[in-house]
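Dear colleague,

Please find below the structure that I am handing over to you. My findings follow directly after it.

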Amino acid sequence: MAARTKARKRALDLLFEAEQRGVDAADLLRERLAAPVTEHPLPELTADLVTGVADRREQLDELITTYSQGWTLRRMPAVDRAILRLGAFEVLFSDDVPENVAISEWVGLATELSTDDSPRFVNGLLARLAEVKPTLA
C-alpha cells in the first residue's frame with residue numbers, strides 16, 4: 001500500500017473511531033498525536049485530512065446530503081460517511097492531488113472496507129462534487 005493510501009486509511013480510521021466513540025475527531029487526533037497508539041507516527045497527510053474534515057464538517061455534510069440523491073447521512077453506513085467526508089474534503093479543498101486520483105483512492109477504500117454497493121455510490125457522489133466544484137463559493 002502506498003504511503004498516501006496508508007495516510008488516507010489512517011485518517012479514515014480516526015474519523016470512524018471518533019464517530020463510534022462519540023468524540024470530536026480533532027480532539028481524537030490531538031490525543032493520538034500526543035500519545036500514539038502505534039509505533040508509527042501519524043503521517044502529516046492524515047492529520048491534514050482529519051483537521052480539514054473537522055474544520056469543515058458542517059459544510060461537507062451539507063454538500064454530501066445535497067448531492068447524495070435520496071440518502072441521508074444517517075442512512076449511510078458509518079464507514080461510508082467517513083469516506084465521503086474525507087473524499088469530499090480532498091476533492092473540494094485539497095489542491096495537491098488531482099480530483100480523479102483522490103476519487104480513485106477513496107473508491108478503493110470503499111471497495112476494501114464497505115458494502116458491495118458503496119464503491120459505486122462513493123464514486124458517483126465524489127465525481128458529482130468534482131463536477132460542481134467550480135460553482136461552489
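Among the contacts in the protein with a separation of 6 or more, 68% are made by residues 24 or more positions apart. Please note that this is a predicted model. The protein contains seven helices and zero strands, and the order of elements from the N terminus on is α-α-α-α-α-α-α.

As to overall dimensions, the C-alpha trace spans about 40 × 30 × 30 Å along its principal axes. A compact globule of 137 residues would have a radius of gyration near 14 Å, and the protein, with 14 Å, agrees with that value. Of the 137 residues, 45% count as buried.

Helix α1

Helix α1 covers residues 3–21, 19 residues in total. From its first C-alpha to its last, α1 reaches 27 Å, close to the 27 Å expected at 1.5 Å a residue. Glycine 22 follows α1 and has a positive phi, near 70 degrees. The buried residues of α1 are Thr5, Ala7, Arg8, Lys9, Ala11, Leu12, Leu14, Leu15 and Ala18. Their packing partners are α2 (25–34), α3, α5 and α6 (99–113).

Not counting residues up to four places away in sequence, alanine 7 touches Pro43, Leu45 and Thr46. Between alanine 7 and arginine 21, which are 14 residues apart along the chain, the C-alpha separation is 21 Å.

Leucine 12 also lies in helix α1. Its relative accessibility is 2%, so leucine 12 counts as buried. With residues up to four places away in sequence left out, leucine 12 touches Val79, Ala82, Ile83, Leu86, Trp106, Leu109 and Leu113. Leucine 12 and arginine 85 are 73 residues apart along the chain, yet their C-alpha atoms are separated by 9.3 Å.

Helix α5 and its partners

On the α5 side, the contact involves Val79, Ile83, Leu86, Gly87, Glu90 and Val91. These residues meet Glu99, Ala102, Ile103, Trp106, Leu109, Ala110 and Leu113 in α6. By class, this contact has ten nonpolar, one polar and two charged residues.

The axes of helix α3 (residues 44–55) and helix α5 (residues 78–93) also come within 9 Å, but they cross at roughly 95 degrees.

With kind regards

Key:
Residues are numbered from 1 along each chain as its sequence is written. This is a predicted model: local features need pLDDT of at least 70, side-chain atom pairs count only at pLDDT 80 or more; totals for chains, interfaces and linings use all residues. Side-chain values use heavy atoms; hydrogens and water are left out. Axes are lines fitted to C-alpha atoms, for helices over the stretch in contact, and angles run from 0 to 180 degrees between N-to-C directions. Helices (H or I, at least four residues) and strands (E, at least two) are DSSP runs, numbered from the N terminus. The expected span of a helix is 1.5 Å times one less than its number of residues. Buried means under 20% relative accessible area, exposed over 50%, partly exposed in between (1.4 Å probe, protein chains only). Contact means heavy atoms within 4.5 Å. The radius of gyration is taken over C-alpha atoms; the globule rule is 2.2 Å times the number of residues to the power 0.38. Ala, Val, Leu, Ile, Met, Phe, Trp, Tyr, Cys and Pro count as nonpolar, Asp, Glu, Lys and Arg as charged, and the others, Gly among them, as polar.
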